[in-house]
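Please read the following report alongside the sequence and the coordinates.

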Amino acid sequence: MSAEAASALALSIRVAIVATLLNALIGIPLAYVLARRAFRGRALVDLLVTLPLVLPPTVTGYYLIVLLGRRGWLGAPVYAVTGWSVAFTWYAAVIAATVMALPLLVRTARAAIESVDRELEKAAFTLGRSEWRTALEVTLPLARNGIIAGLVLAFARALGEFGATLMLAGNIPGKTTTVPLAIYTAVQTGEMGEAVVLVLALTVLSCLVLILAGRLGARAT
Amino acid sequence: MSHRFSIEITKRLPGFTLDVSWVAGDGVAVLFGPSGAGKTLTLQCLAGLIRPDAGRIVVDDRVLFDAAAGVNLPPQERRVGYVFQSYALFPHLSVAGNVGFGLRDRPRQERERRVAEVLERLDLTGLAPRWPSELSGGQRQRVALGRALAIDPALLLLDEPLSALDAPLRRALRDELRAILSGWGTAAVLVTHDFTEAYRLADRIVVYENGRVIQAAPRAELLWQPASEAVARVMGLRNVLHGVVVKSMPDRIQIAWRGHTLEAVNSPTRTYLPPPETPIAFFIRPEYVRLVRKDRSLDAAHHMNRMRGTVVGETDFGTVWSLRLRLDTPGEPAQGDFDLEVEVPHLVYEILEIDRDRQWDFSIHRGSIHVLPT
């Protein structure tokens, strides 16, 4: 494996892990709130979270540039103050992967949380548990399988993210070139041997993740 | 300690309004009535899981809810134990974990002691490490009871606690449940739509119909003195009949019905004196109608309210026969094609050879005709 290929693989794994952690941090509470709370704007939040699932990834990427690019709504003030922009850094790859993976986790986890019998939560309330502690001690543990499945999907999506990453992070070798981008570049430049190595690496990695997820799921039941 | 609680609430839902007021004290109060009458909704209001629109709930001098004063304790602070219809055991916790769930804020030693004590009293000690999915229906019920009782609730609520069980087990567990409730001494409110269950478990029965309370009384009083025709119907009483008052006195009342003048005992506690010609409802329990044996000499003093009729239909219920009798007097029968339902044990049916002999004289003691005030 070439140095470029190795660095792309290391970057992809790093991006996917960080994006999955961010997904857990944002997506699990979001899934809980969407499943269990009625609030104004719930439909809008649901729409915004789900949109990257149906939009072409380049369109999502375009919106991310509009938001975070050097001249973006958020990006411009940050650039004005710090002289730094997230665009074309590996953080951008993390952000793109996180946004693209979020709907998969939120939808899966939300369905799992909604399928938890509400009577169990009511029972916890009458036994003195606050809503917060009921979520931690009853609802989320019982939705565990669905949440794990959602995290696996999110990790796989983050690992394979291409379009939005290319838009926001670019394709800078050694800096923002993840495995999917490296495969694309290798094929474009006729380096088929390089492409095959990366394709196999990604396939093996995906299989490992699925096997690990199966183990975790089996232990939970 | 003696308990006393009162509830007076209204709750409007789309297409249904709950508007109830009743009181209860020590022992078990049973909310009895058809499905959809508002019984479970009342439990949820008591537990704080649903907020009533108006009213007041007081348990042992603690105000749990008072719309006018803006008091609405959350379920966490009510100290009201709830045994759900499905038991709602936490499937990811062991039996001990379930029973100890309400005690997690207490010091570890105290918690373990209390869990052990509750398991011991409910005969669950050996099951402590088991999962709910490994338990039988009866064991699940005891775990659900133990979990609710472990927090030493001021009030215990049970929603159809026996409905998840098979019929034979149900009867055995009904008696077990009664023993547990009386042994524990916690004031309890139990919901059921089965009158036998209500009667077996209750000290006091509150009859619900369509979001309202139509009678609240000690169980014996309800059984013998339903307050109205509506209560009699909800209880599933048979032979609810309509006649006209001939004469009423404090101790007895005469009713014209199907060409006969029936004499019934008036309720001494009610001093119910409707004037002559008043339409009146009454009921006759099928098992209290006496067939007059043809081989015995007639002793008029033993046979009040004598009538003659024909068996026009019969149903075998295994241990008793239910006969449908049509009076020989002319006129439209009171209940479709018959006037009275009469229940006789199999033995009597065989001795009297009712399968061959269809024409009978029968009598009803005046104490067995129950007037239903309007």
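In this predicted model, 37% of the 374 residues of chain B count as buried. Chain B is built from nine helices and 21 strands, and its C-alpha atoms fill a box of roughly 80 × 50 × 40 Å along the principal axes. Among the contacts in chain B that join residues at least 6 apart in sequence, 65% are between residues at least 24 apart.

Within chain A, helix H5 (residues 90-114) packs with helix H8 (residues 144-160) at an angle of about 165°, the two axes being 8 Å apart. Because the angle is over 145 degrees, H5(A) counts as roughly antiparallel to H8(A), and the crossing of H5(A) past H8(A) is right-handed. On the H5(A) side the contact includes Ala97(A), Met100(A), Leu104(A) and Leu105(A), while Ile147(A), Leu151(A), Leu153(A) and Arg157(A) are among the residues that H8(A) brings to meet them.

Chain A also touches chain B, with 14 residues of chain A in contact with 17 residues of chain B. Helix H6 (118-126) and helix H7 (131-142) of chain A each supply at least two residues of the side that touches chain B, and H6(A) gives the most, with six residues.

| Contact | Nonpolar | Polar | Charged |
|---|---|---|---|
| H5(A) with H8(A) | 14 residues | four residues | one residue |

Technical notes. Residues are numbered from 1 along each chain as its sequence is written. Chains are lettered from A and ligands numbered from 1 in the order in which they are written. This is a predicted model: local features need pLDDT of at least 70, side-chain atom pairs count only at pLDDT 80 or more; totals for chains, interfaces and linings use all residues. Two residues are in contact if their C-beta atoms, placed from the backbone, lie within 7 Å. Helices (H or I, at least four residues) and strands (E, at least two) are DSSP runs, numbered from the N terminus. A residue is buried if 20 or more other C-beta atoms lie within 10 Å of its own, exposed if 12 or fewer, and partly exposed in between; C-beta atoms are placed from the backbone. Axes are lines fitted to C-alpha atoms, for helices over the stretch in contact, and angles run from 0 to 180 degrees between N-to-C directions. Angles under 35 degrees count as roughly parallel, over 145 as roughly antiparallel, 65 to 115 as roughly perpendicular and the rest as oblique. A crossing is left-handed if the near helix is turned anticlockwise from the far one by less than a right angle, and right-handed if clockwise. Ala, Val, Leu, Ile, Met, Phe, Trp, Tyr, Cys and Pro count as nonpolar, Asp, Glu, Lys and Arg as charged, and the others, Gly among them, as polar.
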